[in-house]
Amino acid sequence: MSRARVILLNAALGPLDYRVPHGMSVEPGSIVVAPLGPRQLLGVVWESEHMPSDAEVGDNRLRNLVSVLPVPPLAAPLRRLVEWTADYYLASPASVVRMALASTSALEGAKTIVEYRATGTLPDRLTPQRQQALERIGTTQGLIRELAAIAEVSDAVIRGLVKVGALEAVEVDIDSPFPRPDPAFAAPALSADQRAASGVLVADVAAKAFKPTLLDGVTGSGKTEVYFEAVAEAIRENRQSLVLLPEIALTEPFLKRFAARFGVQPVAWHSGLRSSQRRRAWRAIASGQALVTVGARSALFLPYANLGLIVVDEAHETSFKQEEGVHYHARDVAVMRGKFEQIPVVLASATPAIETRQQVASGRYAEVKLPGRWGAAEMPSIQALDLIADPPERGRWIAPKLVTAIGETLARREQVLLFLNRRGYAPLTLCRTCGHRFQCPNCTAWMVEHRLVRRLACHHCGHTEPVPRVCPECQNEDTLAAVGPGVERIADEVAAMFPDAKTAVVTSDTMWSPAKAAEFVARMEAHDIDIVVGTQLVTKGYHFPNLTLVGVIDADLGLDGGDLRASERTFQQIMQVAGRAGRGAKPGHVFIQTHSPDARVMRALVSGDAEAFYTAETEHRREAGAPPFGRFAGIVISSEDQGAALETARAIGRSAPVHEAMEVYGPAPAPLAMLRGRHRYRLLVHARRAFDVQDMLRAWLGGVDWPSKVRVVVDVDPYSFV
């Protein structure tokens, strides 16, 4: 091979050709270093027939590749997945390849790295910054820049602590092998239904063929134990398994559960890993030594050497949809990776998405059902509380009947979960005198009060500011009022009514890492928490046998906003949080506070008639030509210059193609009209299922020019419409 086509890790560039110097050997998938002007960039060698180039030149004009990195080439199935993902989601191949090469340090040859840890010795001069660093670092070990980030201090502070002996250097072998899971370590006693379900999945792994299967089981039915048997079969065959989880906070409890079954923890992959941990995991995955990987959606693009099984747990979760960069849906890409690898894919869920259910109905996906809870556990009773007929006391948010139930539950020494999918103390703060509302300066969004840290925060861009003493508009003191409840406000209400109960607020603000999740689980299991007040972070994956009461504070919250999936998402979310109750021998009870007890979704939740709800919801989608019976694509135009964004949006709208199989709506200001200082406009394409939306969008947008300060993003199969 004297000439190589290379995809460089630069999304602005297409494939480029290079000369392969004498004595260098490359093949498709080889990871190389290539020159580009005065720089040297990472790239991957690709087949020319799979990746046409618009910049082909003669051999005499080619520049030499610099080097080939000492790691396995990206395999053909992963290269095909990169091509499919880039084509389907209208992304650059380089952006997708970057996800496969997610640890650049893994591509280097060095085997050891120097990390630092606390020695227990305090420096003679203990400045506030040094004290903060040592308190926050604790027992954590890491690179200087990682410890500085954890401690929120400069690198110089960490280096100073090293110099005075408060931190010591440790040489780490970052490529040491991971222990091998033992499929026979603690084989579970499965029920008859679980044995039948696991038998199907185990046979699929042994068959070594592509087969997507929906594992549909009610909450607490033992879906994890069932697909663990398929993982065990892959381990016996020395093949790799990937388990995708929707939330990083679920990783730590899963690792503990996995270790109880297989004797060791799996390889974890998520954003909370240190760079040395990411390197070790990437290299073990690429070599085939890591037999089981559990991770967030980004783990889907790692270069597995011998993949034998993919499991997507909680497959209905919307967090599997990537909203930045490449706008892919991990559930759908997982199925495609299974197709290219020719392996089974298991989609596990208690509340499957309508798109998945339709694939089962059409015969494209198989289905395995677990209709009942494991052992003596039974599904909880569910009751709707009409907030109009029986409202909370003035100034409170918890209905009297739920208050009574909380008191009775605590008297029995059982645990309570109160669910409200709204972080902070209150979603809006305003002045009672002049009506001034606190809005983010960078986004068209209200600032959320977080009373625990005494800050106003924007949940879209991260902007924070102190809660002012006076109104910035009228300068009056003591006139600011919190409007509406967040979880902190509910926690305050609970503390006032049940002062002896130990309460924990669980949101992404308080449980931002796997370690924090592990701490929460340990406290729950030790009964160090009586009442949990939490957001969607606590609706899935957790198993607390002593948690018997769930209260949904505002079941109508998810129905606002006009999202086509609003009813389905509300049903899924409340069914998931209801599933936390009564998972042990004690019966569970669920109270749903709502202003619309007669709404179809509320009736379905109370009756437990999921089939009737899904049937009606599916028919509504069919009539509207909405997914999975039609297709959507969003076009978002943004710029710091509002005029430039608007003019580009209008130009794109004017040039929209006319076709009987599709309609184009907009442009119009996005519901979130400004985000992170950028003005935003949206167009929405609605097309028939069989229509080739991608080709149409490529031709349409390829014929429109816009200024460099304007960003145009295409979201195929959007889940967010803001």
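Modeller: D641 forms a salt bridge with K709, with 3.0 Å between the closest N and O atoms; the term stands for a side-chain nitrogen of Lys or Arg within 4 Å of a carboxyl oxygen of Asp or Glu. The pair links distant parts of the chain, since D641 sits in the loop between β26 (630-639) and α18 (642-654) and K709 in the loop between α19 (693-702) and β29 (711-716), 68 residues apart. Helices (H or I, at least four residues) and strands (E, at least two) are DSSP runs, numbered from the N terminus. Please keep in mind that this is a predicted model, in which local features need pLDDT of at least 70 and side-chain atom pairs count only at pLDDT 80 or more, while totals for chains, interfaces and linings use all residues. Residues are numbered from 1 along each chain as its sequence is written, and side-chain values use heavy atoms, with hydrogens and water left out.

Biologist: Are D641 and K709 buried or exposed, or in between?

Modeller: The scale is relative accessible area, where buried means under 20%, exposed over 50% and partly exposed in between (1.4 Å probe, protein chains only). D641, at 33%, counts as partly exposed, and K709, at 46%, is partly exposed as well.

Biologist: How many salt bridges does the structure hold, and which residue forms one with E47?

Modeller: There are 40 salt bridges in the structure. E47 is paired with R80, the closest N and O atoms being 3.0 Å apart. Because E47 lies in the loop between β4 (39-46) and β5 (67-68) whereas R80 belongs to helix α1 (residues 76-88), the pair ties together parts that are 33 residues apart in sequence. Both E47 and R80 are buried. R469 and E477 also form a salt bridge, again with a closest N and O distance of 3.0 Å, but here R469 is exposed at 59% and E477 is partly exposed at 46%.

Biologist: Turning to the strands, what is the order of the open sheet of 6 strands?

Modeller: Strands of a sheet pair through backbone hydrogen bonds, either parallel or antiparallel, and two strands are taken to pair if DSSP finds at least two bridges between them. In this sheet the order is β15-β25-β24-β16-β23-β22, with parallel pairing. Its edge strands, β15 (381-386) and β22 (503-506), each pair on one side only. On average, neighbouring strands of the sheet are turned by 20° against each other, direction ignored; the axes are lines fitted to C-alpha atoms, for helices over the stretch in contact, and angles run from 0 to 180 degrees between N-to-C directions.

Biologist: With which strands does β24 pair?

Modeller: Strand β24 pairs in the parallel sense with β16 (residues 415-419) over 5 bridges, and 4 bridges join β24 to β25 (residues 589-594), also parallel. Within these pairings, L418 stands opposite G551, and L549 has H589 as its bridge partner. Strand β24 (residues 547-552) is mostly covered, with 6 of its 6 residues buried.

Biologist: Where is D715 placed, and which side chain does it join through a polar contact?

Modeller: D715 lies in strand β29 and is buried, at 5% relative accessible area. Its side chain meets that of K321 in a polar contact of 3.0 Å, a term for a pair of N or O atoms within 3.5 Å where, within protein, one must be able to donate a hydrogen and the other to accept it, and residues adjacent in sequence count only if both atoms are side-chain atoms. Leaving aside neighbours within four places in sequence, D715 is in contact (heavy atoms within 4.5 Å) with residues including E323, H327 and S720.
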